[in-house]
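Here are my notes from a quick pass through the model. Have it open while you read.

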Amino acid sequence: QVQLVESGGGLVQAGGSLRLSCAASGMILKINTMGWYRQAPGKQRELVAVITLGGSTNYADSVKGRFTISRDNAKNTVSLQMNSLKPEDTAVYYCNAQGLTKWGAPFGSWGQGTQVTVSS
């Protein structure tokens with residue numbers, strides 16, 4: 001019912017920057033929370049950053065001061081600007097959205113994931 005499509009991953013050297021984007025589409029009434037999670041090989045998926053409909057944000061301690069999450073409510077998009085990247089930021093990054101469909105049913109959707117690789 002709600003699809004998320006991510007873009008912007010890739011290979012970058014340590015200290016570099018990347019910008020991830022995610023667009024939501026489908027029978028969306030409202031998206032309450034949009035966020036980014038990541039999963040490194042052999043590790044559990046973890047929260048990177050989330051942003052609410054009102055613009056409140058929350059970041060993992062490991063990315064505070066380096067990553068910035070933003071959203072465009074009119075376009076149902078969320079972006080993650082990643083600066084000062086470190087090798088430990090290497091992971092598959094997943095977009096997440098939670099909200100209500102036009103039928104009033106809650107939804108929680110994941111994107112397909114985009115690889116971010118930071119070389120030392």
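The points below cover the disulfide, the strand pairing and the core.

1. Ground rules: this is a predicted model, where local features need pLDDT of at least 70 and side-chain atom pairs count only at pLDDT 80 or more, while totals for chains, interfaces and linings use all residues. Numbering starts from 1 along each chain as its sequence is written, and side-chain values use heavy atoms, leaving out hydrogens and water.

2. The disulfide: Cys 22 and Cys 95 are joined, S to S 2.1 Å (the cut-off is sulfur atoms within 2.5 Å). The S-S torsion is about -85°, so this disulfide is left-handed. Cys 22 sits in strand S3 and Cys 95 in strand S9, so the bond ties together parts 73 residues apart in sequence. Strands here are DSSP E runs of at least two residues, numbered from the N terminus.

3. Strand S9: eight of its eleven residues are buried, meaning under 20% relative accessible area with a 1.4 Å probe, protein chains only. Cys 95 comes out at 0%. S9 runs antiparallel to S4, with ten bridges (pairing takes at least two DSSP bridges), and Trp 36 stands opposite Cys 95.

4. Four residues separate the two strands, and Gly 104 in the turn has a positive phi of about 85°.

5. The core: what touches the most other members of the largest nonpolar core? Among its 30 residues, Trp 36, Leu 80, Met 82 and Tyr 93 do. A core here means buried Ala, Val, Leu, Ile, Met, Phe, Trp, Tyr and Cys residues joined through side-chain atoms within 4.5 Å.

Conventions. Buried means under 20% relative accessible area, exposed over 50%, partly exposed in between (1.4 Å probe, protein chains only).
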